[in-house]
Amino acid sequence: MSGSIEVRGLSRTFHTTVRRPGFTGTLRSLVDPERVAKHAVQDITFDVAPGELLALLGPNGAGKSTTIKMLTGILTPTSGECRVAGVVPYQERERNARNIGAVFGQRTQLWWDLPVRESFAILRDIYEVPKAEHAARLEEFDDLLDLSSFWDTRVRHLSLGQRVRSDLAAALLHDPPVVFLDEPTIGMDVVVKEQVREFLRYQVEQRSRTVLLTTHDMTEVERLAERVVLINHGRLVLDGSLDDIRRKFGSTWQVRATLADAHTDVVPLPGIAVLRRDGPRVVFGPDGPDAPTVHQALKTVIERYEVTGVAIDEADLEDVMRAAYVHAEAV
Amino acid sequence: MAVLHAWRAARVTPLGELHTPPRMTAVLVRLAVQVVLVASLWHGLYSHTSTTAGLDEGQAVTYAVLAVLASRLRELDQYAGRDTVLQHMHFGTIVYWYLRPLPPQRYYALRALGEQLYGLAWALGGFAVCLAAGVVEPPRSAAVAGVFAVSLLLGQWVLYYVMLVLDQMCFFTIRNNSAMLILIFVQNLLSGVYAPLWYFPDWFITLSGFLPFQATLSVPLSIYVGRIQLADAGVQLAVQAAWVVVLALFTRWVWRQAARRVISQGG
């Protein structure tokens, strides 16, 4: 089954009642409520190919979760359309449910009073997974997530890391081709985060699952995502690779080169400016909107000049995303 | 097709109870204390009279003790298990009910069925002990027992829908605590848990006739103790069945409305 996600002009508007301030205002609101429209998602279009991991990024309140809820079929769009594994999620909820798995942050779908394994068994019955298949998949997940060390423990007694690992397994027990993860590693320690990332990488690379991930953890994005969609105020700001984002918002790199001959004439190169020079030591930086990536700039400098030493300083993804968010706010 | 295996979701609450022995011990102690106190109270009330409100001492004690046992049918500690609709709305976990191939209304029904069967096991155990100890009278005939069983089944069905309406309120009001407190009181009062409805004034009995609560417990227990004769039971069963139909249609409509609300409040 193809695990593609197609999103075309997707929009969702919520209508809420605004409470006027003060006692009189509150009374007025009861009699004459003022309704306002909030455009949570506006005209978003993107695709996710089968077996691809896409990071859906944006600041808080950007519309990421609303988008995921439309793609999971919980929410019906105001306009536009989407297909997940060939199914229109909000029109065929039950069919869509068999094609998708989902984890929403720290919200667990496991039963609080039951041992983890009992929760898995109930989900097995709900999704009608044959027992042998269920056992084999559980064994596979145990190898990756070390579930057996706590799966006989009641969910209420699990640590956050154990619970999220259990939730990840629960979301994939029915072998869905598409997985939605809404901030799955929020609040977890670095060791468990890495374990979860390994698990996700395995699911994408070995099991060809399509994963749509939202996170504020840029290390996670860097380690996992092939492509990024950035949204803000419900609008799509950028759809591209991490390099694209760096090129557009992360032009804060510097290439520090030591020339073999201190008297060499140094001239600006296409998209590369000379920021400083002190004898043989030259600092290059990006010049203009068409500046190359740091790696391209490094290659150009080395090809153009004879250098005895070189070092690069590059803004990390946190800085890049901060710049992207600031840029998105300004648009 | 989903229902072929999904019916096993009915084991959710009983399993949770079985994994929490202290809760079961508490239930056992509470039931024992309640039965002893209620039986003593009604014996005491009848110490200077033989028949009141059409019930003799044996009927009244039997009615009151059975009411205690039957109230156990749907009185599980879901709150401790974080499995009330209110909590699912509060924690946002209600979204998972909408992400499974088992529709939320069917999952809710299966879960309730499991609860009621588990509660029935407790009630039957308590009934057997009370019967053996002579605290309650046996049914007067096999026919009475049969009609009582049918009426109890219909009564539990009505109770299921009453509880469902309350839970559905969470989709619209986020919290149902106050409504729940009011309902528990009204349900216990109008269904006859606190005292058989026959002891109340006529206007009260007439008023409660327009509400579904007496159909949950008062009718089956009145049939059991003989306060409603078998000849009149048909009408009562029909009223109970009518409540089942009305509430089924109403709650079905509310489920549809609730699905539209799940995001704005549960997401």
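Reader: How many salt bridges are counted between chain A and chain B?

Author: In this predicted model, the count between the two chains is 3 salt bridges.

Reader: What makes the pair D113(A) and R23(B) a salt bridge?

Author: The closest N and O atoms of D113(A) and R23(B) are 2.5 Å apart, and the cut-off for an Arg nitrogen and an Asp carboxyl oxygen is 4 Å, so the pair is called a salt bridge.

Reader: Which elements of chain A supply the side that touches chain B?

Author: Helix α3 (93-99), strand β5 (100-104) and helix α4 (116-126) of chain A each supply at least two residues of that side, and the largest share, 7 residues, comes from α4(A). By residue type, the side of chain A that touches chain B divides into 17 nonpolar, 3 polar and 12 charged residues. The contact as a whole takes 32 residues from chain A and 35 residues from chain B, and the two chains bury about 3,000 Å² between them, 60% of it on carbon and sulfur atoms.

Reader: Which residues touch the most other members of the largest nonpolar core?

Author: Of the 96 residues in that core, they are L57(A), F120(A) and V221(A), while helix α7 (residues 142-173) of chain B gives the most to the core, with 11 residues. Leaving aside neighbours within four places in sequence, V221(A) is in contact with A55(A), L57(A), T215(A), V228(A), L242(A) and L317(A). A second, separate core of 34 residues includes V27(B), A70(B), V136(B) and V193(B).

Reader: Why is R246(A) called buried?

Author: The relative accessibility of R246(A), which lies in helix α9 (residues 242-249) of chain A, is 16%; buried means under 20%, and R246(A) therefore counts as buried.

Reader: What is noted about the phi of A85(A), and where is this residue placed?

Author: A85(A) has a positive phi of about 50° although it is not a glycine, and its place is in the loop between β4 (79-84) and α3 of chain A. Most residues other than glycine have a negative phi. D175(A), in the loop between α6 (160-172) and β6 (178-182) of chain A, also has a positive phi, of about 60°.

Reader: Why are A85(A) and D175(A) labelled as they are for accessibility?

Author: A85(A) has a relative accessible area of 12%, under the 20% limit, so A85(A) is buried.

Definitions and conventions. Residues numbered from 1 in each chain as written. Chains lettered and ligands numbered in written order. Predicted model: local features only at pLDDT ≥ 70, side-chain atom pairs only at ≥ 80, totals over all residues. Heavy atoms only, no water. Contact = heavy atoms within 4.5 Å. Buried area = accessible area lost by both parts, 1.4 Å probe. Salt bridge = Lys/Arg side-chain N within 4 Å of Asp/Glu carboxyl O. Helix = DSSP H or I, 4+ residues; strand = E, 2+ residues; numbered from the N terminus. Nonpolar A, V, L, I, M, F, W, Y, C, P; charged D, E, K, R; others polar. Core = buried A, V, L, I, M, F, W, Y, C linked by side-chain atoms within 4.5 Å. Buried < 20%, exposed > 50% of the residue type's maximum accessible area, 1.4 Å probe, protein only.
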